[in-house]
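Me: I have a protein chain to go through before class. Can you take me through it in plain terms?
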Amino acid sequence: MTAQIITAVKKGYESQGSGGLTCLRSPAGEVERSLSTGKPGLIQAAKGLTVVSMVGVNGTGKDHDGGEAANLVQSRGQTAVLAACDTFRAAAIEQLKLWGQRLKVTVIAGADKADPASIAHDAITAALAAMRIIYLLILPADCTPSII
């Protein structure tokens with residue numbers, strides 16, 4: 001998705017120049033087109049780990065959706081790992097651990113207020129060591145994506 005967005009922004013800039021391009025409209029259009037393709041489910045990487053990042057503001061259901069996605073992955077006979085990277089919201093780690101217990105899914109977590117990137121690193125390391133097929137990454141709610 002990121003590669004598609006970057007390509008679309010570059011094409012827009014080349015055809016319209018900086019005056020006719022808004023850096024938010026083009027990425028939003030790419031995401032909309034991607035979601036309306038009629039291809040349901042998670043798209044798995046051809047090889048290696050598949051990383052799904054869930055980003056959103058507090059209360060939008062990242063933990064719930066991560067749990068649902070992990071359940072879907074397991075129903076396909078694959079392995080899911082959840083990473084509790086939302087270390088700045090008091091209940092986030094516990095909510096994700098609860099999903100892990102319910103689904104019998106490994107949850108990689110750190111201490112409250114720990115560095116989210118270190119938890120993501122630990123989760124990827126654990127997933128690689130265990131030869132995991134699917135890896136789900138829950139990013140912190142206050143993470144603001146940017147386009148470079």
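Reply: One term to begin with: a residue is buried if its relative accessible area is under 20%, exposed if over 50%, and partly exposed in between, using a 1.4 Å probe and protein chains only. This is a predicted model, where local features need pLDDT of at least 70 and side-chain atom pairs count only at pLDDT 80 or more, while totals for chains, interfaces and linings use all residues. Residues are numbered from 1 along each chain as its sequence is written, and side-chain values use heavy atoms, with hydrogens and water left out.

Me: OK. What percentage of the chain counts as buried?
Reply: The figure is 36% of the 148 residues. The accessible surface of the chain is about 9,100 Å², and 58% of that belongs to carbon and sulfur atoms. Those areas come from the Shrake-Rupley method with a 1.4 Å probe.

Me: How many helices and strands are there?
Reply: The chain has five helices and four strands. Both are DSSP runs numbered from the N terminus: helices are H or I with at least four residues, and strands are E with at least two. In sequence order the pattern reads α-α-β-α-β-α-β-α-β.

Me: How do H1 and H2 pack?
Reply: H1 covers residues 2–16 and H2 covers residues 25–35; their axes are 9 Å apart and the angle is about 135°. H1 is therefore oblique to H2. Axes here are lines fitted to C-alpha atoms, for helices over the stretch in contact, and angles run from 0 to 180 degrees between N-to-C directions. Angles under 35 degrees count as roughly parallel, over 145 as roughly antiparallel, 65 to 115 as roughly perpendicular, and the rest as oblique.

Me: Which residues of H1 and H2 make the contact?
Reply: From H1 they are Gln4, Ile5, Ala8 and Val9, and from H2 Ser26, Pro27, Glu30 and Val31. Contact means heavy atoms within 4.5 Å. By class, this contact has five nonpolar residues, two polar and one charged. Ala, Val, Leu, Ile, Met, Phe, Trp, Tyr, Cys and Pro count as nonpolar, Asp, Glu, Lys and Arg as charged, and the others, Gly among them, as polar.

Me: Is Glu30 buried or exposed?
Reply: Glu30 counts as buried, because its relative accessibility is 13%. Leaving aside residues up to four places away in sequence, Glu30 touches Met1, Gln4, Ile5 and Ala8.

Me: Now H3 and H4. At what angle do their axes cross?
Reply: Roughly 25°, and the axes of H3 (residues 62–75) and H4 (residues 92–103) come within 10 Å. So H3 is roughly parallel to H4. On the H3 side the contact includes Asp63, His64 and Gly67, and on the H4 side it includes Gln95, Leu96 and Trp99. The contact of H3 with H4 has five nonpolar, five polar and two charged residues.

Me: What about Lys97, which residues does it touch?
Reply: Lys97 is in helix H4. With residues up to four places away in sequence not counted, Lys97 touches Val107 and Ala109. Lys97 counts as partly exposed because its relative accessibility is 34%. From Lys97 to Gly67 is 30 residues in sequence and 9.8 Å in space, C-alpha to C-alpha.

Me: What is the phi of Lys104?
Reply: Lys104 has a positive phi of about 60°, although it is not a glycine. Most residues other than glycine have a negative phi. Lys104 lies in the loop between H4 and strand E3 (106–109). Lys104 is exposed, because its relative accessible area is 74%.

Me: Last one. Where does Val51 lie?
Reply: Val51 lies in strand E1, residues 50–54. Val51 counts as partly exposed because its relative accessibility is 42%. Val51 and Ile124 are 73 residues apart in sequence and 9.0 Å apart in space, C-alpha to C-alpha. For the chain, residues 24 or more positions apart account for 70% of the contacts with a separation of 6 or more.
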